[in-house]
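Open the model in your viewer and keep the sequence panel beside it. Each stop below names a selection and then says what is there.

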Amino acid sequence: MKKILITGALGQIGSELTMKMRDIYGNDNVIASSRSAKDGSEKVVKAGPFEIVDVTNPQQIADAVKKHKIDTVINLAAILSAVGESKPNLAWDVNMGGLVNILEVAREFNTAVFTPSSIAAFGPNTPKINTPQDTIQRPTTMYGVTKVSGEILCDYYHQKFGVDTRGVRFPGLISYETLPGGGTTDYAVEIYYKAIEEGKFVCPLSKDTRMDMMYMPDALDAIINLAEADGSKLEHRNAFNVTAMSFTPEDIFASIKKQMPDFEMTYDVNDTLQNIADSWPDALDDSAARKEWNWNPKYDLDAMTKDMLEKLKIKLGK
Ligand code: VAH
């Protein structure tokens with residue numbers, strides 16, 4: 001990768017990936033883009049090249065790729081699961097309409113494309129424990145429909161047109177820089193903020209809701225390491241299972257309590273979120289990613305908790 005365009009660069013993943021990639025590849029070689037330059041994104045918008053790119057506008061994508069001579073597009077623009085259930089057509093337009101536009105530009109300008117999928121690409125009849133790399137995928141959310149469709153479309157553009165497409169199935173991602181934008185796993189970020197700000201948290205998922213999760217530093221490494229991997233060694237391409245841990249609300253509560261003994265948690269289950277979470281796997285098998293491109297996460301739950309609490313206390317001035 002030499003010249004990289006990141007769509008959705010002001011989001012939870014994009015805001016951190018942009019800064020990390022600028023450190024690695026050089027400030028002027030990583031072009032951040034978003035459909036608007038939101039307030040409070042000086043770190044990304046002002047610190048290097050920024051373009052207004054709405055992925056539902058193919059001309060804006062093509063103009064940015066041509067202007068900056070892009071060789072790799074990291075496509076992070078997406079509507080997540082919870083918002084996607086309230087606005088399914090918007091989710092389809094952005095997640096699938098946007099992806100088609102990105103792939104068509106990639107075909108025309110010979111760029112590589114990284115698009116993340118998600119554990120949401122699985123459904124209720126997918127094996128929940130040690131979910132295989134290759135297994136049944138009948139998601140029951142619009143977000144999941146766009147993710148499994150995106151996996152298949154990226155495979156098609158690779159096989160039919162030779163586009164270098166790659167992606168991983170991300171679990172819930174936890175970070176302290178930028179809040180997630182409307183996902184079912186957002187509780188696992190909010191709990192840390194509430195622990196510091198209020199000392200108590202009302203969890204919207206039931207106590208035994210087990211899901212795969214990952215700390216953001218590992219997620220950024222997954223994107224960069226797969227994008228840089230030798231393509232000739234990849235048996236899979238667009239949907240590598242990747243995970244770092246699998247936990248329930250009880251587990252993350254206990255982990256925080258080790259650092260903050262007075263922390264309290266109660267439950268007020270949100271049925272929409274609970275139904276989405278219940279349709280997803282509990283714990284992925286990520287052996288294909290480990291074998292094909294040396295995937296190897298660094299953070300477990302307690303290591304993440306320690307770092308999250310340390311960094312958030314600084315961010316929140318506590
Ligand atoms: C969501 N954070 O909750 C995203 C993610 C696996 C979950 O795709 O929608």
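Select helix 12 and colour by burial: Leu301, Met304, Thr305, Asp307, Met308, Leu309 and Leu312 are buried. Buried here means under 20% relative accessible area, exposed means over 50%, and partly exposed is in between, with a 1.4 Å probe and protein chains only. The model is a predicted one, in which local features need pLDDT of at least 70 and side-chain atom pairs count only at pLDDT 80 or more, while totals for chains, interfaces and linings use all residues. Residues are numbered from 1 along each chain as its sequence is written, and side-chain values use heavy atoms, with hydrogens and water left out.

Helices (H or I, at least four residues) and strands (E, at least two) are DSSP runs numbered from the N terminus. Helix 12 covers residues 301–315, and its 15 residues reach 20 Å from first C-alpha to last, close to the 21 Å expected at 1.5 Å a residue. The expected span is 1.5 Å times one less than the number of residues. An α-helix has 3.6 residues a turn, so residues three or four places apart point the same way.

Contact means heavy atoms within 4.5 Å.

Then look at the two ends of helix 12. At the N-terminal end the cap is Asp300, with a side-chain oxygen 3.4 Å from the backbone nitrogen of Asp302. Just after the helix, Gly317 has a positive phi of about 65°.

Next, select Thr209, which sits in the loop between strand 11 (200–203) and strand 12. Is Thr209 buried or exposed? Thr209 counts as buried because its relative accessibility is 4%. Its side chain makes a polar contact of 2.8 Å with the side chain of Ser206, and another polar contact, of 2.9 Å, joins the side chains of Thr209 and Gln274. A polar contact is a pair of N or O atoms within 3.5 Å; within protein, one must be able to donate a hydrogen and the other to accept it, and residues adjacent in sequence count only if both atoms are side-chain atoms. Leaving aside neighbours within four places in sequence, Thr209 is in contact with Phe247, Thr248, Pro249, Gln274, Ala277 and Asp278.

Move to strand 2 (residues 30–34), where five of five residues are buried. Val30, Ala32 and Ser34 lie on one side and Ile31 and Ser33 on the other, and both faces are covered. In a regular strand the side chains alternate between the two faces of the sheet.

Two strands pair if DSSP finds at least two bridges between them. Ile6 has Ala32 as its bridge partner in strand 2. Between these strands the chain passes through helix 1 (residues 12–25), and this β-α-β crossover is right-handed: with the strands pointing away from the viewer, the path from the first strand over the helix to the second runs clockwise.

On strand 1 itself, Ile4 and Ile6 point one way and Leu5 and Thr7 the other, and all are buried. Leu5 stands opposite Ile31 of strand 2. Strand 1 also pairs in the parallel sense with strand 4 (residues 72–75), over four bridges, where Ile4 has Thr72 as its bridge partner.

Strand 3 (residues 50–52) pairs with strand 2 in the parallel sense over three bridges. The partner of Ala32 there is Phe50.

Now select the open sheet of three strands, whose order is 6-9-13 with parallel pairing. Strand 6 (117–118) and strand 13 (240–241) are the edge strands, each pairing on one side only. Two bridges join strand 9 (residues 168–170) to strand 13, and Val168 has Phe240 as its partner.

For the next stop, select Asn225 in helix 8 (residues 216–228). Asn225 counts as partly exposed because its relative accessibility is 39%. Its C-alpha lies 7.3 Å from that of Trp293, 68 residues away along the chain.

Finally, colour by domain: domain 1 is 4–171 + 214–241, and domain 2 is 173–211 + 245–281 + 298–316. These bounds come from an automatic or database domain assignment. The C-alpha centres of the two domains lie 25 Å apart, and the contact takes 29 residues from domain 1 and 25 residues from domain 2.
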